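Work through the exercises below with the structure open. Each task is followed by a solution in steps.

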Amino acid sequence: MEAPVNLLFSDFGLYVKTFEVYIERSTQHQCTKKFIDENLSDLVTSIGKKGASCLNVLGLGSGSGEMDLAILSKIQSQHPGLPIHNEVVEPLPQQISKYKDLVKEKGQGLNISFIWNQLSSEEYVKQNKERKESKKFDFIHMIQMVYYVESIHDTIKYFHSLLETNGKLLIIYNPDYTRFRSLSFELAGDHFVPDVQKVLDELRMKYQICKLSFGMDVTECFIEGNENGEHLLDFITHIAHFKKSVSADQKDAVLQQIRQPQFIKEENGQIILNRIMCAIVVDP
Ligand SMILES: C[S@@+](CC[C@H](N)C(=O)[O-])C[C@H]1O[C@@H](n2cnc3c(N)ncnc32)[C@H](O)[C@@H]1O
């Protein structure tokens, strides 16, 4: 082993870079957007208190905001004329600043005010508890962020308690992520995230689940010395500088795990990994 094994999230700059490469090489955002376009209108028609003068929305782990803005414009189109107060909880300053740029670029015409919290969800909870605040929300979403929280059980329980009577909680995550993260659990002190559905069942929550498939072009992971391939491997395994940090055997084991025939389509020199995304809508 040539370097210490560090979790990807310990290096914010690298995390953001590798996530960008991952988003370019996968159809994760397109798949999420399709779910929002096809399902959200129906889901959000009933949100909001009778006679309310605004809607309150909370985004956790918003990243650079592309999915959040898609959600906000769907909500606005279902409730024309109602202003939206949107709170953002995102720990990385780089991502918040990109989200603000996106709002400047694409947010014209939307009647939305923003509160920016550069915090992790745990810090946000702590702040609420210290201020004895428990503002309620009509819509709360956690898109691809459950892997990072200290306790998914406590996070879901707490934020679910912030839902208004007609509110909805949307959780989107990729249940197959554990297949690629065993080394980050084993070598870098990453914590295992229990199955979200199991947690919801333990908490006796009512929810609907929608499973969607999307693709990820992993061709470059198999090209020696390819920089994008290295970034992708960092993001898939969540180990910073994966190729430089693990042994040749560990690297081979991960590449084999990625190329398992039942999950792969190889065509015209491209290797596409089939992945699964779960979109869960939780009732109050
Ligand atoms: C995979 S990205 C998803 C970003 C965005 N939701 C999307 O789908 O494009 C995960 C995001 O969660 C944020 N994050 C990491 N740990 C977090 C925590 N404890 N609480 C809230 N957000 C967190 C990261 O900074 C990152 O922006």
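**Exercise 1. Find the side-chain partner of Gln144 and describe the setting of Gln144.**

Solution. 
- Step 1: Start with the side chains. In this predicted model, Gln144 and Asn174 are joined by a polar contact of 2.9 Å between their side chains.
- Step 2: Gln144 sits in the loop that runs between strand 5 (137-143) and helix 6 (152-160).
- Step 3: Classify the exposure. The relative accessible area of Gln144 is 12%. The cut-off for buried is under 20%, so Gln144 is buried.
- Step 4: List the neighbours. Leaving out residues up to four places away in sequence, Gln144 touches Gln28, Ile172, Tyr173, Asn174 and Met277.

**Exercise 2. Is His79 buried or exposed? Locate His79 and name its contacts.**

Solution. 
- Step 1: Locate the residue. His79 belongs to the loop between helix 3 (66-78) and strand 3 (84-89).
- Step 2: Classify the exposure. His79 counts as buried because its relative accessibility is 12%.
- Step 3: Name the contacts. Setting aside neighbours within four places in sequence, His79 is in contact with Val44, Thr45, Ile47 and Leu55.

**Exercise 3. Describe how the protein surrounds the ligand.**

Solution. 
- Step 1: Take the shell. The ligand is surrounded by 18 residues, and the closest are His29, Gly61, Glu90, Ser121 and Ile143.
- Step 2: Check the nitrogen atoms. A polar backbone atom of Gly61 lies 2.8 Å from a ligand nitrogen atom. A polar backbone atom of Ser121 is 2.8 Å from a nitrogen atom of the ligand.
- Step 3: Check oxygen. Glu90 places a polar side-chain atom 2.7 Å from an oxygen atom of the ligand.
- Step 4: The ligand alone exposes 590 Å², and the protein buries 97% of that.
- Step 5: Identify the site. The ligand takes up the space of the largest pocket. Helix 1 (12-25) and helix 5 (121-130) are the elements that give two or more residues to the shell around the ligand.

Notes. Residues are numbered from 1 along each chain as its sequence is written. This is a predicted model: local features need pLDDT of at least 70, side-chain atom pairs count only at pLDDT 80 or more; totals for chains, interfaces and linings use all residues. Side-chain values use heavy atoms; hydrogens and water are left out. Helices (H or I, at least four residues) and strands (E, at least two) are DSSP runs, numbered from the N terminus. Buried means under 20% relative accessible area, exposed over 50%, partly exposed in between (1.4 Å probe, protein chains only). Contact means heavy atoms within 4.5 Å. A residue is near a molecule or strand if one of its heavy atoms lies within 4 Å of it. A polar contact is a pair of N or O atoms within 3.5 Å; within protein, one must be able to donate a hydrogen and the other to accept it, and residues adjacent in sequence count only if both atoms are side-chain atoms. Accessible areas come from the Shrake-Rupley method with a 1.4 Å probe; for residues, only the protein chains shown count as cover. On a 1 Å grid over the protein atoms alone, a cavity is a set of points where a 1.4 Å probe fits but cannot get out, and a pocket is an open set with protein on both sides within 12 Å along at least five of seven lines; lining residues have an atom within 4 Å of a point. A molecule sits in a cavity or pocket if more than half of its atoms lie within 2 Å of its grid points.
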